[in-house]
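Reader: I would like a close look at one helix-to-helix contact in this protein. Take me through the residues that meet there, then show me what lies around it.

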Amino acid sequence: MLASLHFDYREVFGSSYNEALNECFTSYIYEDSLSSHDSRLTIKNRVFKFLDFFAYDESQEELRVLCMKHPNLDEDPSRIELLFFSLASDFRLHLQQCNENKNVTKNNDIAAARKFVNICESFGVMPQGSSRMMKGFVFDKSVIGEGSTLLDVNLLTSPNPEQIKRLLEQLDPDDEYQRDDADGLTALIENIVTDSDDDNDDVNIIDRATQVLDARIELLRAESLKRISAWKAKHEQVEKWESDPKLLKLARQYHRLTSEASQHSSHHLSREYDRIFEGRALAVMYVYMSRVKKALYSDDNQVRTRLKKYKASPDELRELLNGSSDLMIAVYALLLINLSANADPIRCLSWNNIRDNGEVTTIEWFKARSEIWQREIISNSSPSPEQKACLDALSTLKKSLAFCSSFCIRDEQNVFIKRYKNNVRGVDYTPTTPAMKTFNEWFKQLCREASNGKWQSTPKAIRGSVLLLHALVTRDAFAVQEKGRWNEGSKMAEKYTRHLPEVLRREENIRDFLDWYEALLAVNIDDFAEKVGIDPVAYEKRRKQIINSQFGGIHCVDPYAGVQPGTNEGEACTVPHKCPTCVNRRNIFLASKENLANVLLLKNALDDLREGVHDQQILKWSFWIAFARLMVEKFEGAREHRRLMQEAKSIAESSKNPYQELIIPTTYKES
């Protein structure tokens, strides 16, 4: 299969030089660091960009002619050196001027080419110093919207270029932000198109970006929960094996048989192996390794052969004994999503920092860059569904790693442990916490499975995605700051309320926003207007408007303004599904029991709707689905809002649901 990784440029370089380049390329492609076929294909594609430029660009004709003389290439060493230095420099300039590629792609391409040229130097195929002409690119990081999220993933399928072009034409060519980050906007639209099931160009880019972001987070959450559930069932089976005296007896018989193998005929051994392993090879071998031999799986040839003969998987035994990468990355991803935490601190999470005092469980992790401890406090009596999922996942992981952890020499208190070899000189395979690079590879595989092969990303994108989704849905920097656990005064939360999708939806009427904000902050203060010396009539009008003009917990400046297409000024708005991105929407959620009851009633109606219609038919309500879910998660997970949430639930349970009559019949009628 890997033969396709070789190339044939004999017509332009000659047989001898082509063979020499192939030898260098083979050395590169089979490095230990390129552990998968996918990694090798990626490097192949990047190196081939360099080789294609070398082989076919007009500027390199003189050098190609000289390469035909290989191995007598050094007839004029100073001229040869100059031409190769020019090749390296010209290729870098070619990449820099290629506007079709994103900045990160350009740096990846130049890095792969530089490594290949460096290997060619070591083989004597190119002059020393050529690779120094292929420095990476430095790009301006100040562009609004920079940051890794699931709206800028590595796409594994090709989006429709015509649809991308049509959506780009919807944007404002005079907008300075759109001009300054054209790469980012193109990437955003590529992501939107990739996850879209229809070819309709009449879409709101902000709405669709939010839908895609929410859907991708939920795909990863669902795939993680599915893996954790599967491993929970598998561990229950393992516990049965460990307590089965019959399996222990068979495992001891196998141990004795292998110890005395030289004393028995091959026919006798074969018959005994059949009796011991037939139909239960994995179970017997697991008990043999864990209870009799008391050792981790180390690719023992005898064990592997025995398992394969009886149709059992050596890989499954390795995962059961040495730690499962599938389970670990699922628990890891779920923690990142539900805790909105940074990737590396969670990788290094310790059991010492997960404490249960009976009333609450506290999960703490250290953020080295900020030199601060961050924490999630979970009520044991009433955890939110997301918090409960975290505790269940951690419990499943701890049980599955109990045997592996008993062999730890270091990292023995770390949550994520696997028999593994980090790149530490003199350290062999041992139970330890895998490197971040390994977690990245595992996470990419999780993404591919969750997206049905459409895209992949890295773990650091999760936190950015969760926070950006909160920014898009709430438009509240304070809510994002709370979700991100930043200290007061931190500017980080503002980054997410100015991310690219949010830039497209900037506030146009700042004065109107400030008027509303003034009323909002004082909505529960008696005689506020008189106390601060503002017009009490105007203030009271705004205050009532905030309280009364709402749908699902979101407040409207004026539901009779007729700002949405198809609505008329002076008539009540008839398109509430467009509230989340409407210019008349207020931007901060009022934490009142009435408001929360509204959200709960809306969420119940949308949950019922999802069970009764096709995914495509519910698309217009997807932003509301994200809003309702995030708001309920936020208040269920906050201990200080527990009483408020209980009161809101009581109101919701005793109220007729107005959203049932509005949303469901309308959707069915349209479908």
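Author: Start with the residues that touch. From α11 come L247, L248, L250, A251, R252, Y254 and H255. They meet A283, V284, M285, V287, Y288, R291 and V292 in α13. The residues of this contact divide into 11 nonpolar, 1 polar and 2 charged.

Next, the geometry, as it stands in this predicted model. Helix α11 covers residues 245-259, and helix α13 covers residues 281-293. Their axes lie 8 Å apart. The packing angle is about 75°. Angles of 65 to 115 degrees count as roughly perpendicular, so α11 and α13 are roughly perpendicular to each other.

Now follow M285. This α13 residue meets α11, and M285 is also in contact with L317. Leaving aside neighbours within four places in sequence, L317 touches L282, M285, Y286, M289, Y297, V303 and L307.

In soluble globular proteins, nonpolar side chains tend to be buried together.

Past α16, look at the loop that runs to α17 (343-347). N342 lies in that loop. Its relative accessibility is 15%. The cut-off for buried is under 20%, so N342 counts as buried. The side chain of N342 also makes a polar contact with the side chain of R463, at 3.5 Å.

N352 has a relative accessible area of 47%, so it is partly exposed. N352 and E364 are 12 residues apart along the chain. Their C-alpha atoms are separated by 9.0 Å.

Finally, the whole protein. The protein has 671 residues, and 48% of them count as buried. There are 31 helices and 9 strands. Take the contacts between residues at least 6 apart in sequence: 65% of these join residues at least 24 apart.

Key: Residues numbered from 1 in each chain as written. Predicted model: local features only at pLDDT ≥ 70, side-chain atom pairs only at ≥ 80, totals over all residues. Heavy atoms only, no water. Contact = heavy atoms within 4.5 Å. Axes fitted to C-alpha atoms, helices over the stretch in contact; angles between N-to-C directions. Helix = DSSP H or I, 4+ residues; strand = E, 2+ residues; numbered from the N terminus. Parallel < 35°, antiparallel > 145°, perpendicular 65-115°, else oblique. Nonpolar A, V, L, I, M, F, W, Y, C, P; charged D, E, K, R; others polar. Buried < 20%, exposed > 50% of the residue type's maximum accessible area, 1.4 Å probe, protein only. Polar contact = N/O pair within 3.5 Å; in protein donor to acceptor, adjacent residues only side chain to side chain.
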